[in-house]
Amino acid sequence: MAGNWKMYKTPAETHAFFEAFKPLVAQATHCEIVICPPFPDLHAAMKEAEGSNVAIGAQNLYWGKEGAVTGEVSGHMLQAIGCGYVIIAHSERRQYFGECEPDVVRKTQAALEYGLTPIVCVGERLEERESGRTEDVLGEMFEGGIAPLAPEQFAQIVIAYEPVWAIGTGKTATPQIAAEAHRFIRGKVSARFGDAAAGDVRILYGGSVKPDNVKGLMREEEIDGALVGGASLDPKSFAGVVNF
Ligand code: PEP
């Protein structure tokens, strides 16, 4: 269960979140719990999460180790502060910063090189779903961004299916719609990396997941977890998702 804080919270607010959140999920052993705060909060989050069952991830990385790349943060730096995960190609990064499939490959490989677990996002926009292109879009994202990975690299990634029309809109995909997309993605995995890899890969669903709809989603065998935006900002509501 991964929380994406997007561009919310200061270090002081991060501290307050963890104070409230940690006791609420202390008994949770059924899943990994990950919080992905903005870069300036990572240090505070790492300190707060120390010795707990909560891991910390970043929301983005650059593929080089270091260099003249103003405004970017590398996997090497994230590894050095003890970060364990990184979100790659969130739809907001695709939409506002033009991230595309070659970036996904470079970023995923860089994350793995520095010991970070990449959470690679794919998902169709509303007009793509409405025009019946969901599978084409997911297929293109898979072929361009994930299929080029070596099998041993693929074995270490987590995929997040996030239909763009469901992100931050309050419109959750029904469990059936989400499961159908997950099944399609798993089929692509099977064709490229084999049945064992398709069985093993974790595919998270993301898009307006909340305490009151998480149960229905998690009942689907295809859905292995959730990537949660808005509902991860509040300790009680993210704990409600984790402890579904
Ligand atoms: C997200 O940011 O990845 C997300 C799924 O957001 P929300 O839960 O707010 O729809």
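Predicted model: local features only at pLDDT ≥ 70, side-chain atom pairs only at ≥ 80, totals over all residues.
View 1. Numbering starts from 1 along each chain as its sequence is written, and side-chain values use heavy atoms, leaving out hydrogens and water. The lining is made up of Ala89, His90, Ser91, Arg94, Cys121, Val122, Gly123, Met141, Glu162, Val164 and Ile167. Helix 4 (91–97) and strand 5 (117–122) are the elements that give two or more residues to it. (Helices, H or I of at least four residues, and strands, E of at least two, are DSSP runs numbered from the N terminus.) The cavity holds about 30 Å³, and the structure has one cavity of 30 Å³ or more. (On a 1 Å grid over the protein atoms alone, a 1.4 Å probe fits in a cavity but cannot get out; a pocket is open, with protein on both sides within 12 Å along at least five of seven lines; lining residues have an atom within 4 Å of a point. Points join across faces, edges and corners, and volume is the space filled by probe spheres set on them.)

View 2. Helix 4 supplies the largest share, with four residues. Sorted by class, the lining comes out as 10 nonpolar, five polar and four charged residues.

**View 3. The loop between strand 1 (2–4) and helix 1 (11–25) carries Lys6, along with Lys9.** Look at the backbone here: Lys6 has a positive phi of about 50 degrees despite not being a glycine. Lys9, also a residue other than glycine, has a positive phi near 85 degrees.

**View 4. Helix 7 (residues 134–146) packs against helix 9 (residues 175–193) at an angle of about 40 degrees, axes 10 Å apart.** (Axes are lines fitted to C-alpha atoms over the stretch in contact; angles run from 0 to 180 degrees between N-to-C directions.) The two helices are therefore oblique to each other: under 35 degrees counts as roughly parallel, over 145 as roughly antiparallel, 65 to 115 as roughly perpendicular, and the rest as oblique. From helix 7, the contact (heavy atoms within 4.5 Å) takes in Glu135, Leu138, Gly139, Phe142, Glu143 and Ile146. Helix 9 answers with Ala181, Phe184, Ile185, Lys188, Val189, Arg192 and Phe193. That gives eight nonpolar, one polar and four charged residues.

**View 5. Helix 5 (residues 101–113) and helix 7 cross at roughly 45 degrees, their axes coming within 7 Å.** This pair is therefore oblique as well. Glu101, Val104 and Val105 of helix 5 touch Glu140, Met141, Gly144 and Gly145 of helix 7. The tally for this contact is three nonpolar, two polar and two charged residues. Met141 is also part of the cavity lining.

**View 6. Helix 1 and helix 12 (residues 235–242) pack at about 25 degrees, with axes 9 Å apart.** They are therefore roughly parallel to each other. Helix 1 brings Phe17, Ala20, Phe21, Leu24 and Val25 to the contact, and helix 12 brings Pro235, Lys236, Phe238, Ala239 and Val242. Nine of these residues are nonpolar, none is polar and one is charged.

How values were computed. Nonpolar A, V, L, I, M, F, W, Y, C, P; charged D, E, K, R; others polar.
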